[in-house]
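Here is a short tour of how some side chains meet in this protein. Take a look at the model, then follow the points below.

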Amino acid sequence: QVQVVESGGDLVQPGGSLRLSCAASGIINAMGWYRQAPGKQRELVAHIISGGTPIYADSVKGRFTISRDNAKNTVYLQMNSLKPEDTAVYYCNVVANGGGDYWGQGTQVTVSS
């Protein structure tokens, strides 16, 4: 069973920055971040496969950066120039090397003055 633990959500003012972290157990292939705002469907934010090129949603390109520390099985999401529309619960998603799709419990990001 893969364990996924997120951290880093907070209240931040527009234009501010936050860094989310997600640590996973086991042997991991892909890691990524999704978000879900109230009344909306969960959507992809950014995704990275081991040795691959990161993929970003158009809405966050140029502002968010996903990175991965393979030695620690940890993925980070650096979020800059935050906007109120970035407010959501952010979920870490992990795909295990042997298959299987796992989610973290979610971390709240609120962008408000």
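Tryptophan 103 counts as partly exposed, at 36% relative accessibility (buried means under 20% relative accessible area, exposed over 50%, partly exposed in between, with a 1.4 Å probe and protein chains only). This is a predicted model, in which local features need pLDDT of at least 70 and side-chain atom pairs count only at pLDDT 80 or more, while totals for chains, interfaces and linings use all residues. Residues are numbered from 1 along each chain as its sequence is written, and side-chain values use heavy atoms, leaving out hydrogens and water.

**Rings**
- Tyrosine 34 and tryptophan 103 form an edge-to-face aromatic pair, 5.1 Å centre to centre with 65° between the planes (ring centres of Phe, Tyr and Trp, the latter by its six-membered ring, lie within 6.5 Å; planes under 30 degrees apart are stacked, over 60 edge-to-face, the rest tilted).
- Tyrosine 34 is also partly exposed, at 21% relative accessibility.

**A charge over rings**
- Arginine 42 lies over the face of tryptophan 103, 4.7 Å from the ring centre (CZ of Arg or NZ of Lys is within 6 Å of the centre and within 35 degrees of the ring normal).
- The charged end of arginine 42 also sits over the ring of tyrosine 91, 3.7 Å from its centre.

**Salt bridges**
- There are four salt bridges (a side-chain nitrogen of Lys or Arg within 4 Å of a carboxyl oxygen of Asp or Glu).
- Aspartate 86 is buried at 0% relative accessibility, and its partners include arginine 35 at 3.0 Å and arginine 63 at 2.7 Å.
- Shared partners join Arg35, Glu43, Arg63 and Asp86 into one network.
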